[in-house]
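User: Got a model here that I'd like to walk through with you. Can you start with the charged pairs and then move on to the helices?

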Amino acid sequence: MARPKTFSPEQVLRLAMACFTAGGYEGTSIDDLVQALNLHRGSLYKEFGSKRGLFLAVLQEYVGSTLPTAIRAAVGGPDDAVEHLTTGSDLDLLLIAAVERGDTDSQVATLVRQALAQLDGVPETSPSPSHRKSRVGGRSATAILGARLDRRLLPATEGYEHSDTTQEEGI
Amino acid sequence: MAQISVEGRDLVVEVEGMDKLWSLKSRLTIPLAHVRGATSDPGIVDEGQGLKLAGARIPGVIVAGTFRQDGERVFWDVHDKSKAVVIELQDDTYARLVVQVDDPRSTVELVEQARAQS
């Protein structure tokens, strides 16, 4: 039998990050993680203590490395930095951490605040000299996250438009 | 089924009803310093328990007692796998406990918060 592939600690965190980003915190089971990380269940518990322990390790990696790298790539690139950041799924783990765990887990809340501080002041357009229209200043972290939420939404379904007039008629 | 509570600096696991008989344990007291975390994990039951050292195992009905798996001692008390919670330990008799609780979500939060504050 072929020896199962083992991943480095960094790869384990990156793969777990992908799992949590796709499935959310509650929606990601230990079964999902054991399969994706190719770890024995016992090794996963021994290494991280619990699902929360793994999530905290992932979030630390995200705040310490993944997010700063994404911000540098966005700000240094030729496109609008906010546009760049909100197009991919770079900010989704931050949204998940804030919504699912930010109000119950103070360590998650602290890491989310550190991430928000990094996002605060990301310039709206790239400051590179080729872009003469660069604006001074940046958008707040919450505005950037709001833009990401908006971009994630599917287009509205026809026939489900909310109508104010019907409500008023009912009153 | 087990009741999990925090008493001072200890995590207390009270084995309930007839499970005391099957698992040959009625109460486990573990210093919080030995507790590394808690996780709701229904899937762990399907992975098997390894070698039974003391207790009872009727597949699909009950797993209760002390088992040895991959060189580790694990305490089990589970009938309904959907309510299984894994409590990971260090420097203790057991490597981990796998116990069925009434409300996995609140038990996990209780253990994780007690750990963070200890």
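Predicted model: local features only at pLDDT ≥ 70, side-chain atom pairs only at ≥ 80, totals over all residues.

User: OK, which residue does Arg27(B) meet in a salt bridge?

Analyst: Glu7(B), at 3.4 Å from N to O. Arg27(B) sits in strand E3 (residues 27–31) of chain B and Glu7(B) in strand E1 (residues 2–7) of chain B, so the pair links distant parts of the chain, 20 residues apart. Strands (E, at least two residues) and helices (H or I, at least four) are DSSP runs, numbered from the N terminus.

User: How many salt bridges over all chains?

Analyst: The count comes to 19. One of them is between the side chains of Glu26(A) and Arg105(B), 3.5 Å from N to O. Glu26(A) is in the loop between H1 and helix H2 (30–37) of chain A and Arg105(B) is in helix H2 (residues 104–117) of chain B, so this pair joins two chains. Glu26(A) is partly exposed at 43%, and Arg105(B) is exposed at 56%.

User: And what about Arg41(A)?

Analyst: Arg41(A) has a salt bridge with Asp31(A), with the closest N and O atoms 2.4 Å apart. Arg41(A) belongs to helix H3 (residues 41–48) of chain A and Asp31(A) to helix H2 of chain A, 10 residues apart. Arg41(A) is buried, at 6% relative accessible area, whereas Asp31(A) is partly exposed at 35%.

User: Switching to helices. How do H1(A) and H6(A) cross?

Analyst: Helix H1 (residues 9–23) and helix H6 (residues 92–101) of chain A have axes that come within 9 Å and cross at roughly 65°. That makes H1(A) roughly perpendicular to H6(A). Axes are lines fitted to C-alpha atoms, for helices over the stretch in contact, and angles run from 0 to 180 degrees between N-to-C directions. Under 35 degrees counts as roughly parallel, over 145 as roughly antiparallel, 65 to 115 as roughly perpendicular and the rest as oblique.

User: Which residues make the contact?

Analyst: Met17(A), Phe20(A) and Thr21(A) from H1(A), with Asp92(A), Leu93(A) and Ile96(A) from H6(A). Contact means heavy atoms within 4.5 Å.

User: What about H4(A) and H7(A)?

Analyst: The axes of helix H4 (residues 51–76) and helix H7 (residues 106–119) of chain A come within 10 Å and cross at roughly 5°. H4(A) and H7(A) are therefore roughly parallel to each other. Among the residues that meet are Phe55(A), Leu59(A) and Val63(A) in H4(A) and Val108(A) and Leu111(A) in H7(A).

User: Last one: is Glu61(A) buried or exposed, and what does Glu61(A) touch?

Analyst: Glu61(A), in helix H4 of chain A, counts as buried at 18%. Glu61(A) touches Leu13(A), Arg14(A), Met17(A) and Thr66(A), not counting residues up to four places away in sequence.

Technical notes: Residues numbered from 1 in each chain as written. Chains lettered and ligands numbered in written order. Heavy atoms only, no water. Salt bridge = Lys/Arg side-chain N within 4 Å of Asp/Glu carboxyl O. Buried < 20%, exposed > 50% of the residue type's maximum accessible area, 1.4 Å probe, protein only.
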